[in-house]
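This briefing goes through one protein chain, topic by topic. Please look at the structure first and then read on.

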Amino acid sequence: MIWRTTKATVATWFGFVLMCLGMFMAILDIQVVATSLPTIQDALAISPDAMSWIQTAYLIAEITAIPLTGWLTRVLTLRWLFVLAIFVFTLTSVGCAFSNTFASLVTFRIFQGFSGGTLIPAVFSGIFLLFPARAHPFAGTIAGIMAVLAPTVGPVVGGWITHHYSWPWLFLVNVVPGVIAVIATPFLLPRGRPRLNSLKNFDGLSLALMAVALASLEIGLKQAPQQGWFSTVCFGLFALCAVATALFAVRTLKAVQPVVELATLRVRPFAVGCVLSFCLGVGLFGVVYLMPVFLAYVRQHDALQIGSIMLVTGAAQLVAAPIAGALESRLDPRWLSAFGFSLFAVGLGLSAFESRTADFDEMFWPQVLRGFAAMFCLLPPTRMALETLPHKQVPDASGLFNMMRNLGGAVGIALIDTILYGRTSGHAEAIRQRLIAGDATAAQAIGLDRIPPDLSEARSMIEQAALATSANEAWALLASVVLLGLLLIPLAKPLRADAAGG
């Protein structure tokens, strides 16, 4: 049952905060586990080739669940969907913590990712389903803070847990807040009428096609940087994705009760909002991936030091959140989105000129700009995309909108890896040739007082300098994608007066 509320009780607000906490845990889980993959690898004797599946299994399940959330909301109601999702997420977190084999860990990660994936769009649906229009900016601000803060603080939280405790605590930290949410939210969120009879008409084939399309795309993006985008394996995966997507779209558009309502993409503000969500995902997840790579391999920092440096972005996000929330209800979301994407592109562009020795001071202002801009890149596009739609379409639309952000993150990371893998060796060879030619400037640029007689002595410094150059190129690519999103904003129509004003 999909409803529209005219007022929200205090209990509803507390329930919504618990929903946001669940979403925060699901997003944070990806980052904290990423910081401790080597530790987990050693503890469970996992081969280096298989280690990445600890994350990939979670991400594939998550990105499959996100667009399915609308159908699940109609069947279970928002209240019981959240309770079931947070229960499974908490239970599988315990399973991950006590896994003693690689197979059991990956199995629990799949169920953890699927349940965690439903939490993200459920929260953004809740903004428009649980509260009247006048409360949307405040509810959106709470959700936005949690959504963008989680990947920012993830490295420092993961580093701190890894440094002070054992790796199972990366999953056990979910237990207490998860249990509180499971017990409390049934009494706090509004009641609805489940439509369990819809399970009889569930289109399993459409779900299978969607899962195949998203899984093959995710795996293809993961393999492309190492094996090549046009390698046999990647070409086959992308072709499978294209075929499965086409079949899914045809079947879904003809279905009486589709598992995903694709018709919402015909609404121009929503379609443009989805593209903006994709571009934000490229930039947001790209930053969270690229900064640790540079700080770990070029600056030789550990996870805790990396997380401490990246907290600047989180602080800027907290400062920007109330400002973005206040302006969101007063100004055209297109103008606010344009401001956010412009500022975000500038913050990314400045990082493209960072030196090989860049550290906290040099990274400070680009982080401030990106952190401040992130809230304007998330909240106004969300309003622009979802507030113009009938309430019965919001859960499905929220799933598609949030899936595009995660999909953008997967594409962004694949593009970054393509640059790092494909360009670094060329940059390193160019530096070697300059050193062989006796270029003292090149020696000074990579931190050498003189050109050593044997370049093998400077191998690590050459590789670090080459990686720094590739990282700058990756920053420039991220800035270009965000600028592309900026150029598309004028295509969105202004909100209707009744939608804008509540």
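In this predicted model, residues 24 or more positions apart account for 82% of the contacts in the chain with a separation of 6 or more. The secondary structure of the chain comes to 19 helices and zero strands. The radius of gyration is 23 Å, close to the 23 Å that the globule rule gives for 502 residues, so the chain is as compact as a globular protein of that length.

**Overall dimensions and surface**

- Taken along the principal axes, the box filled by the C-alpha atoms of the chain is roughly 80 × 50 × 45 Å.
- Of the 502 residues in the chain, 57% count as buried.
- The chain exposes about 20,500 Å², and carbon and sulfur atoms supply 68% of that area.

**Nonpolar cores**

- The largest nonpolar core has 140 residues, and those with the most contacts inside it are F16, I40, F270 and F341.
- Helix α12, which covers residues 268-297, gives the most to this core, with 15 residues.
- A second, separate core has 12 residues, including A428, A443, I462 and A465.
- Which residues does I40 touch, leaving aside its neighbours within four places in sequence? I40 is in contact with V33, I46, I54, L105, W167 and L170.

- T77 is not a glycine, yet its phi is positive, at about 80 degrees.
- T77 is found in helix α5, which covers residues 69-97.
- Is T77 buried or exposed? T77 has 0% relative accessibility and the cut-off for buried is under 20%, so T77 counts as buried.
- Q300 is also a residue other than glycine with a positive phi, here near 65 degrees.
- Q300 lies in a loop, the one between α12 and α13 (303-328).
- The relative accessible area of Q300 is 52%, and exposed means over 50%, so Q300 is exposed.

**D29 in helix α1**

- The place of D29 is in helix α1, which covers residues 10-35.
- D29 counts as buried because its relative accessibility is 1%.
- Leaving aside neighbours within four places in sequence, the residues in contact with D29 are Y58, F89, R109, Q112, L170, F171 and N174.
- D29 and R459 are 430 residues apart in sequence, and their C-alpha atoms are 36 Å apart in space.

**T39 in helix α2**

- T39 is found in helix α2, which covers residues 37-44.
- With 35% relative accessibility, T39 falls between the 20% and 50% cut-offs, so T39 counts as partly exposed.
- Once neighbours within four places in sequence are left aside, T39 is in contact with T162 and W167.
- How far apart in space are T39 and L28, C-alpha to C-alpha? T39 and L28 are 18 Å apart in space and 11 residues apart in sequence.

**A150 in helix α7**

- A150 lies in helix α7, which covers residues 136-164.
- A150 counts as buried because its relative accessibility is 0%.
- The contacts of A150, leaving aside neighbours within four places in sequence, are F24, I27, L28 and Q31.
- A150 and A103 are 47 residues apart along the chain, and their C-alpha atoms are separated by 27 Å.

**R134 in a loop**

- Where is R134 found? R134 is found in the loop between α6 (102-130) and α7.
- R134 is exposed because its relative accessible area is 67%.
- R134 and S329 are 195 residues apart along the chain, while their C-alpha atoms are separated by 7.8 Å.

How values were computed: Residues numbered from 1 in each chain as written. Predicted model: local features only at pLDDT ≥ 70, side-chain atom pairs only at ≥ 80, totals over all residues. Heavy atoms only, no water. Helix = DSSP H or I, 4+ residues; strand = E, 2+ residues; numbered from the N terminus. Rg over C-alpha atoms; globule rule 2.2 N^0.38 Å. Buried < 20%, exposed > 50% of the residue type's maximum accessible area, 1.4 Å probe, protein only. Contact = heavy atoms within 4.5 Å. Areas by Shrake-Rupley, 256 points an atom, 1.4 Å probe, with all protein chains shown as cover. Core = buried A, V, L, I, M, F, W, Y, C linked by side-chain atoms within 4.5 Å.
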